[in-house]
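Let's take a walk through this multi-chain model, going from the contact between two chains to the two parts of a third. Keep the viewer open as you read.

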Amino acid sequence: MGIPNPSVNSPVQLKTPKTSEKDLKIESKASVIWRRYKKNKLAVIGLLVFSTMCFLAIFAPLLTPYKPDVYDILDQFLPPGNDPFSGKFHLMGTDAMGGDVWTRIVFGARISLSVALLACICTVSVGIIYGAVSGYFGGWIDNIMMRIVDAIQSIPTFFLLLIVAAIITPSLWSTVLVLSVFGWTGMARIVRGEILSLKKRDYVEAARATGEKKASTIFYHVLPNAIAPITVIATLDIAANILAEASLSFLGLGIQPPTPSWGNMLTSAQELTTVMDYVWVIIFPGSFIILTVLAVNFIGDGLRDALDPRMKE
Amino acid sequence: MSTTMTKTDTLVSVENLKTYFYTEDGIVPAIDGVSFEVKKGETLAIVGESGSGKSVTSLSIMRLIPQPPGKILDGDIKFQGESLLAKSDKEMRAIRGNRISMIFQEPMTSLNPVYKVGDQISETIILHQKKNKKEALAEAINLLNLVGIPEPERRINQYPHELSGGMRQRVMIAIALACHPELLIADEPTTALDVTIQNQILQLMKNLKQKSNMSIMLITHDLGVVAEMADRVVVMYSGQIVEQGDVFTIFENPKHPYTEGLLKSMPSAEKRVGKLYAIDGVVPNPLNLPPGCRFADRCEYATSLCHQEMPQIQEINENEVVRCWKYTDRWEA
Amino acid sequence: MTKYIIRRVLQAIPLLFIISIISFLLMSLAPGDPTAMYENPEAGNEQDLSAIREQLGVDDPIYVQYYKWLKLLVLEGNMGYSFQDGQPVLEKILQRVPATLLLMATAIVISIIIAIPIGVFSAVKKYSIFDYFFTFTSFLGIAVPSFFIALIAILVFSLKLSWFPVSGLRENYDAFDLWDRIHHLALPSLTLAFGLIASKSRYMRSSMLEVIKQDYVRTARAKGLSEGKVIFKHALRNALIPIITILALQLPALFGGSLFIEQLFAWPGMGRLTVNAIFIRDYQVIMGTTMIAGVMVVFSNLIADICYAIVDPRIQVGKN
């Protein structure tokens, strides 16, 4: 996600222009997108913040002297700073089990971000296929498939998530499954809508007239054109997944301790005394969730402006 | 064609008007030093392709340029001798819809979908004439009669979507005429309508004008409409006036190559040749205007002078001005 | 108009049908004997159970099972019994619905009162410092998990400042005490409204921006109307129409948010019932609340469609 790949879809090879400077500058598609993206300052900040989070996740072991799953109950609820007894330094204090909060945050970033990305890959794939099939075939197939989407979207998402989470034994993969199993409906709707509108355009008709088969018509002509809304929705899905993982884990139905995730770090906050007396235990992981979701949403907003000016309000 | 002009009193004078738009991609000089007059009782047509600045001219007179991105940079607009640009917002509102009113190109979308037709007409009357709701609705019925809408008593209780495009444009005209304006600006009033409806609307405007002493400023790209309606013509190209004169001179003896091209591309009953003429090329990108004449790239007479230096607008005889090197002493043909 | 409403009602029926299928399928995935959920542990109804076993046809193919289950649901309103206390599920849920509705309705009203002026103001003063401020705030509002905002609200306003009670519906159980009720309702409903305000003000802003561009707004200006009249009479009424749909569309998210808010504020509504049911794996209750929530959403959409028709005169012709 993030930086557009410069090699994709660039219709013109950039060569040093021999003609005069007055000639219209020919930019590659990627550099046009990047130029438009850069105009949105919040989107640039969002990209920086999100990259930092990924950096923390990747280099987690190098960023802390502690292990995420080794801790001493005697160290519980130490405030941020130096512990006068052991002399150990805890940047963000320790939690109810005596784990170092900063350590669990950087290792939790690995889990929370991978769960969100993996679930996003699943929902995007299912959504694209479902939406493409529904939109391309149309008629009663489309009608039935879309009524199913309507029905799923009518049931509050979180009820569905909780049920699935309650049925299966919680783990990392089950969390990915829970987030994916009903999360694809928005993407399916968008892809279907794009396909319906693109289907009517001339070049798809032309492709059909020249005898291209239906399925290949979808993939070669329709989907590249739908890439803008798909990318934007996928980005926003990542943000939604981070939030959903946090909420599930908060209730104890997502990632299970001792594996750290940003959501399960907040589970102890169900005890109001923790909230009252050891506020660092919830403030730091909470801030990382908010910051990351904010950053991803800003990226989505910037991509919307950059990829498809028509989608801009 | 209309009667020859006898009155010479000026109603509106636009003096060296410059309206620019400051967009993300750069500055667009939508109107770049435009001067003309609208005389009392006359119909002045402003002709040009889309992007020539004709609509921006009319919105500038109404002071309805969205700001930002638009801005009136220079020049003045005088209405009955008073500068409109110097007026406060409140003074300007008392003029809009009252002494100067406007009808737009898109009758389908120019009326508010959630209010009844009668309310939309009477709103103007209540605002400017200090009448109560009942009197205003009675007046609205009169106006609908005037613009030729049958069963006005029933129509005032209908919503815009219940009326056809032609009917909606008649309602727009009724709203515009509600306060007996001195100037009616009609921005492509018939473009969006069917041909038969177009003629009805034009006839209606002509009749209404004869009944009052108002002036009409007609914005159009359709020379057929110009021939039908106008006393004088202003031809605009790329934000500038390229030619201005009375309708006979323009049609019989066009001076500017662009006007010439426009007339040639006009379908006519007399010269039924096989193919319609079209001017080659496109309007220059307003973000990247050439240093010389803006029409030079499309002009069959263009010389190197035309490409290098912008011709100035000049009076070549009484009531006829043109912006072209051809009519200067620097022209070597 | 009547035709339009009838058509909408007819469209809702297959939706309810599919919702019931989804609920049933999820239920059949749950571990354990499906008859267990009709078991009433308090009553010790051995004979009844075998009758239900017969009725359900455990050995029948799944579509026959579904048919029997649906018949029981539609004809008798029987959703089974709670595993926890043997109470009929439907009864148990219906006891909790008023508290949830009160909480959600209050949150919706608060969000409308706050979000619409913000949206209008941001659109009219586009790219002003206020617009940027509200844009950022609403992004923040969307990024904060609802349970986290609830925790912070409890920490700051209940625990530190002691302005509001920490939990519950009321303290005075002897009589109806309006002030007591409002005092308890304030914090959870404001917390629940927080996320709604964020998204609704964004929708309102873009709806208003869209309307401001319309030709009829230019017509209103050309009439000489004041900017206030142009915005509040001509633009606002049109901009509000799509917001009706947004209200209905936000409802599923609102249910989701209320799960956490009710849980954290110990608010005795459907959300808290569901979360508790999940903790003790009381599948019957979970399925019940899910179905009821889905049905409520479908009905709200129906109501929104009808409101739409009342507000927008163009609908009355019967065009889509």
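**Chain C against chain A**

Keep in mind that this is a predicted model. How many residues does each chain bring to the contact between chain C and chain A? Chain C brings 47 and chain A brings 43. The size of an interface is often given as the accessible area lost when the parts come together. For chain C and chain A that figure is about 4200 Å², with 83% of it on carbon and sulfur atoms.

So what about charged and polar pairs? On the chain C side, the elements that supply at least two residues each are α1 (2-29), α5 (129-143), α6 (146-160), α7 (178-212), α10 (251-264), α11 (270-279) and α12 (283-311). Of these, α12(C) gives the most, with nine residues. Sorted by type, the chain C residues that touch chain A come out as 37 nonpolar, six polar and four charged.

**Spans annotated in UniProt**

The UniProt record, an unreviewed entry, puts "transmembrane region" on residues 42-63, 111-136 and 278-300 of chain A. For chain C, the unreviewed UniProt entry gives the feature "transmembrane region" at residues 12-30, 99-121, 133-161, 181-199, 239-265 and 285-311. Chain B carries another kind of label: UniProt (unreviewed entry) lists residues 12-263 of chain B as "domain: ABC transporter".

Here is how some of these spans look in the model.

| Span | Helix | Strand | Distance between end C-alpha atoms |
|---|---|---|---|
| Residues 42-63 of chain A | 77% helix | 0% strand | 27 Å |
| Residues 111-136 of chain A | 100% helix | 0% strand | 37 Å |
| Residues 133-161 of chain C | 90% helix | 0% strand | 27 Å |
| Residues 285-311 of chain C | 100% helix | 0% strand | 38 Å |
| Residues 12-263 of chain B | 40% helix | 28% strand | 27 Å |

**Inside chain B**

Now over to chain B, which is divided into domain 1 (7-99 + 179-327) and domain 2 (110-178). The C-alpha centres of domain 1 and domain 2 of chain B are 29 Å apart. Where the two meet, 19 residues of domain 1 of chain B are in contact with 13 residues of domain 2 of chain B. Together, domain 1 and domain 2 of chain B bury about 1300 Å², and carbon and sulfur atoms give 68% of that area.

On the domain 1 side, the elements that give two or more residues are α2 (89-95) and α8 (195-211) of chain B. The most comes from α8(B), with seven residues. By type, the domain 1 residues of chain B that touch domain 2 are twelve nonpolar, four polar and three charged.

**Two loop residues in chain B**

Last stop: a pair of backbone angles. B:R63 isn't a glycine, yet has a positive phi of about 55°. You'll find B:R63 in the loop between α1 (54-62) and β4 (70-79) of chain B. B:K130, also not a glycine, has a positive phi of about 50°. The loop between α4 (117-129) and α5 (133-146) of chain B is where B:K130 is placed.

How values were computed
Residues numbered from 1 in each chain as written. Chains lettered and ligands numbered in written order. Predicted model: local features only at pLDDT ≥ 70, side-chain atom pairs only at ≥ 80, totals over all residues. Heavy atoms only, no water. Domains from an automatic or database assignment. Contact = heavy atoms within 4.5 Å. Buried area = accessible area lost by both parts, 1.4 Å probe. Helix = DSSP H or I, 4+ residues; strand = E, 2+ residues; numbered from the N terminus. Nonpolar A, V, L, I, M, F, W, Y, C, P; charged D, E, K, R; others polar. UniProt positions renumbered as here; feature names shortened; annotations may be inferred.
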